[in-house]
Amino acid sequence: MAPYEDHLPKHNGEVKNGEYSPLTSSNAFADEDEKLLHLDRLARPKSRWSKAWKIIRLSLEFIGLLLLVLNFFILLNFSRPVTGPDPRISSGPLNQHWQYGSDPRYMSFDHKYDYLWKEAFSQDYGEVALPPFKDAEGLYSKDRAHNEGGIGMYHAFHCLASMRTAFQKMGEGKLTLAQLQKGDHAAHCFDYIRNVILCFADDTFELARNKTGHPWGGAIEGQWDVRTCRDHIKLEQIMEKYGKWRRHPVPVYDDIVGIHDPDPPQAQLPEGH
């Protein structure tokens, strides 16, 4: 019998002589051959450190990916304007119709009317601290960096009050124009008010009127022309409830030319603070 007779093909249960059938092609032993090429791996079992390192590596990769995504959103956030209209601090739409009229008290530089401007020199004037939660009036917290700030209308009032006092001191010989220009605050305020005027771009068509408000007058004063405005009362209500300056009702510094009073009066805090 030939050595390969056990593998001869069978037809109807009988072996047919003269035909050879080779072994079936298979990779069943391929893994075993591969292991024999790396006997050192078989000799060394995996240590606990290798498993720990694998876990540490996966953790570091996950943290790195997380930081990358977080950095992307941070850059996206800072690419947007961080200032601008805030729905929490709003005077509402332009739906108020006013005539300026004239108030002699605010047209005077006499010291007897200083009380009308006194609050504008209080510490934290115009600044608010919004609650870190949503209250009944709908004010809500964004984050700590955006919960405290100042209202533009009060900033303009503060600048106007500072300029008024500077005029008083110049008229009394206590301040020269050179000193006023040297301080950076007065220059800032002058430019700030200029920008406020440009920002609101009041397009009221003012007519020449007489002192009673009728047309065909001799001068355009703008006091009797009806214009559309926002409701400043809403901002006053917000200041009344959340204003930081209420904690310091007494003026604590002389903020005329940007030089602090060397001996400011002590602020009187309300009882219980």
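The model is predicted. Residue numbers start from 1 along the chain.

Start with helix α4. The helix runs over residues 152-171. It has 20 residues and reaches 29 Å from its first C-alpha to its last. That is close to the 28 Å expected at 1.5 Å a residue. After the helix comes Gly-173, whose phi is positive, near 80°.

Now move to one of those covering helices, α6. It spans residues 184-200, which makes 17 residues. From first C-alpha to last, α6 reaches 25 Å, close to the expected 24 Å. Its buried residues are His-185, Ala-186 and Cys-189. Seen down the axis of α6, these buried residues fall within an arc of 95°, so they line one face of the helix. An α-helix has 3.6 residues a turn, so residues three or four places apart point the same way.

What does the buried face of α6 pack against? The buried residues of α6 pack against α4 and against α5, which covers residues 177-182. On the other side of α6, Asp-184, Phe-190, Leu-198 and Cys-199 are exposed. Ala-201 follows α6, and its phi is positive, near 45°.

Next, look at the charged pairs. The structure holds 9 salt bridges. One of them joins the side chains of Glu-127 and Lys-244, at 3.4 Å from N to O. Glu-127 lies in strand β4 (residues 127-129), and Lys-244 lies in the segment after α7 (232-242), so the pair ties together parts that are 117 residues apart in sequence. Are the two partners buried or exposed? Glu-127 is partly exposed, with a relative accessible area of 29%. Lys-244 is buried, at 14%.

Lys-244 has another partner. Its side chain also meets that of Glu-148 in a salt bridge, at 3.2 Å from N to O. Glu-148 sits in strand β5 (residues 148-150) and Lys-244 in the segment after α7, so this pair ties together parts that are 96 residues apart in sequence.

A further salt bridge links Glu-206 and Arg-227, at 3.0 Å from N to O. This pair also connects distant parts of the chain. Glu-206 is in the loop between α6 and β6, while Arg-227 is in strand β6 (227-229), 21 residues away. Glu-206 counts as partly exposed, at 32% relative accessibility. Arg-227 is buried, with a relative accessible area of 3%.

Which residues make the nonpolar surface patch of about 990 Å²? They are Trp-49, Trp-53, Ile-56, Leu-60, Phe-62, Ile-63, Leu-66, Leu-67 and Leu-70. Take Leu-67 as an example. It is found in helix α3, which covers residues 48-78. Leu-67 is exposed, with a relative accessible area of 53%. The cut-off for exposed is over 50%, so Leu-67 passes it.

Conventions: This is a predicted model: local features need pLDDT of at least 70, side-chain atom pairs count only at pLDDT 80 or more; totals for chains, interfaces and linings use all residues. Side-chain values use heavy atoms; hydrogens and water are left out. Patches are made of residues with over 30% relative accessible area and no salt bridge: like charges are joined within 9 Å, nonpolar side chains (Val, Leu, Ile, Met, Phe, Trp, Tyr) within 5 Å. Accessible areas come from the Shrake-Rupley method with a 1.4 Å probe; for residues, only the protein chains shown count as cover. A salt bridge is a side-chain nitrogen of Lys or Arg within 4 Å of a carboxyl oxygen of Asp or Glu. Helices (H or I, at least four residues) and strands (E, at least two) are DSSP runs, numbered from the N terminus. Buried means under 20% relative accessible area, exposed over 50%, partly exposed in between (1.4 Å probe, protein chains only). The expected span of a helix is 1.5 Å times one less than its number of residues. The arc is that of the directions from the helix axis to the C-beta atoms. Contact means heavy atoms within 4.5 Å.
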